[in-house]
Amino acid sequence: MTVSHWWRSPSPPETSHDAVVVGAGICGIGVALALERRGLDVVLLDRAHPGAGASGRNAGFLMRGCAENYHAAIETYGRDRARELWRITEENLDALRAEGVADLPSYRAVPSCLLAYTDEEHAALRRSLDLLREDGFDAEWLDDHDDAAWRPASSTHRPRGALVNPHDASVNPVDLLRALTAKLRTPVRTNEEVDAIITSESVGHVRTAAHTYTAPRVFLCVNAYARLLAPALGALVRPTRGQMLALRAPGARLDMSYYANNGYEYFRQNTDGSIVVGGCRKRHAHTEVGYEDATTPEVQADLEAFARAVFGADIDVTARWSGVMGFSPDGVPLVGPVSLENGVLEPGSPVWLCAGFTGHGMSMAWRTAQLAVGAALDGAHNPFPIDRVHAHAPRTHEGAARG
Ligand SMILES: Cc1cc2nc3c(=O)[nH]c(=O)nc-3n(C[C@H](O)[C@H](O)[C@H](O)COP(=O)(O)OP(=O)(O)OC[C@H]3O[C@@H](n4cnc5c(N)ncnc54)[C@H](O)[C@@H]3O)c2cc1C
């Protein structure tokens, strides 16, 4: 007698791999590529497509440093950690250049210029300049009488001075993500949303609607979205919205990418002459949180007012957009084995978090991804351990690029 099993719903297929990476932003692609280059069998999943998150929606600054200026970073993190962080962001750009970013048509080797509009910021940036040089970093200074430097600034919005990172660059982030994705041996599995990660006996089972992927190592690179997969991770990564616009300004020619007001506002020029302007979230910090990826009239009006102050009244806004960033409690990434139940460091957990880039992921996530793979597989130095968040009282970070 044959028995029919037609009434049983088939369980989704389960496959085993060396590693599973969740999230195909710049971080997840970096982790997957580093693993592939070690000869491992890797699955990279995204609920949408590569660059669907912040990595495809940002300003494209490839900038040295983090949300703080160097002086403030030393006060916040200590000198050794600040120096290490600055080095990592330099290495990030070096590593992207090694992947050919400089060959992309939208790439510009333009310095970043941190503008000081107030006496307070002037003093902090001046101090940063000295500290950077003491620590062996190249840095330059522009005075307020340096007319050539202020080409973008109208007379009503003239800075008092500026710190310049001479070796920075910028790129269209969508171009960059496309180029990096093309380097993967195994295509990204798009439209595969992970709805659960179950750990058992040092193995992670990563579940989507259609499939379960099992591996001894799971890298969680979903940044702002970590909390949606495991609520306890909300204590580590906080979703924070950034808004931008693109414009045309007749005659504008920017030889640098600009940071203003401690990074709360930022603007740069593309190779096609268009200019992108972002920020203005400080006055609207209470609304610029959560997962709603949409522009608001209030922030966009402030962005336009800022753009007119810099470029004059005759600007033509051509596009507006937003993106959701993942802010960590202290503004610096979080890397390490994590408990999905408690959101704390769990040595031996198969799930490694790599997230919390706080508005600077294009400038640090690529190198951080390589370091995370080294730490996970070889036990190499991890500059961004998770337990620091619990060792020190976390403070709310409202830091720059600042998105
Ligand atoms: C407006 C704005 C301007 C910015 N400007 C700059 C800048 O100029 N320079 C700079 O360095 N940084 C900038 N940033 C920050 C930078 O974009 C981010 O730090 C960086 O992109 C984070 O990369 P990520 O790979 O960690 O996360 P994301 O790019 O957000 O990638 C996460 C991925 O995970 C996927 N995902 C989420 N949940 C799931 C799930 N359950 N299953 C499967 N997949 C999932 C998403 O689809 C997404 O593709 C800016 C950000 C914004 C929003």
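Predicted model: local features only at pLDDT ≥ 70, side-chain atom pairs only at ≥ 80, totals over all residues.

1. The nonpolar core. The largest nonpolar core holds 117 residues, and those touching the most other members are Val22, Val31, Leu220, Leu353 and Cys354. Helix 8, residues 361–378, supplies the largest share of this core, namely 10 residues. In soluble globular proteins, nonpolar side chains tend to be buried together.

2. Which residues does Val31 touch, not counting residues up to four places away in sequence? They are Val21, Phe219, Cys221, Cys354, Ala369, Ala372 and Val373. Of these, Ala369, Ala372 and Val373 fall in the range of helix 8.

3. Five strands form an open sheet of mixed pairing, in the order 3-2-12-19-18. Strand 3 (42–45) and strand 18 (334–337) are at the edges; each has a single partner strand, so one side of each lacks a neighbour in the sheet. From one strand to the next, the twist averages 15 degrees.

4. Strands 12 and 19, and the helix packed on the sheet. Strand 12 (residues 217–220) and strand 19 (residues 351–355) run parallel and are joined by three bridges. Val351 of strand 19 is the bridge partner of Val218. Helix 8 packs on this sheet, where it touches strand 12, strand 18 and strand 19, and its direction makes about 160 degrees with that of strand 19.

5. Strand 11 and its two partners. Strand 1 (residues 14–16) runs parallel to strand 11, with three bridges between them, and Ser16 stands opposite Thr214. Strand 10 (residues 203–207) pairs with strand 11 in the antiparallel sense over four bridges, with His205 opposite Thr214. A hairpin of four residues links strand 10 to strand 11.

6. The crossing of helices 2 and 4. The axes of helix 2 (residues 70–77) and helix 4 (residues 119–134) come within 7 Å and cross at roughly 75 degrees. That angle makes helix 2 roughly perpendicular to helix 4. Helix 2 contributes Tyr70, His71, Ala72 and Ile74 to the contact, and helix 4 contributes Ala124, Arg127, Ser128, Leu131 and Leu132. By class, the residues of this contact divide into six nonpolar, two polar and one charged.

7. Leu35. This residue is found in helix 1 (residues 26–36). Leu35 counts as buried because 24 C-beta neighbours lie inside 10 Å. Leaving aside neighbours within four places in sequence, Leu35 is in contact with Ala19, Leu40, Val42 and Val373. The C-alpha atoms of Leu35 and Val20 are separated by 9.8 Å, with the two residues 15 apart along the chain.

8. Ile315. Is Ile315 buried or partly exposed? With 19 C-beta neighbours inside 10 Å, Ile315 counts as partly exposed, because a buried residue needs 20 or more. Ile315 lies in the loop between helix 7 (297–311) and strand 17 (316–327). Not counting residues up to four places away in sequence, Ile315 touches Leu247, Arg248, Ala249, Ala307 and Arg308. Ile315 and Ala372 are 57 residues apart along the chain, and their C-alpha atoms are separated by 43 Å.

Methods:
Residues numbered from 1 in each chain as written. Core = buried A, V, L, I, M, F, W, Y, C linked by C-beta atoms within 7 Å. Buried ≥ 20, exposed ≤ 12 C-beta atoms within 10 Å, placed from the backbone. Helix = DSSP H or I, 4+ residues; strand = E, 2+ residues; numbered from the N terminus. Contact = placed C-beta atoms within 7 Å. Pairing = 2+ DSSP bridges. Axes fitted to C-alpha atoms, helices over the stretch in contact; angles between N-to-C directions. Parallel < 35°, antiparallel > 145°, perpendicular 65-115°, else oblique. Nonpolar A, V, L, I, M, F, W, Y, C, P; charged D, E, K, R; others polar.
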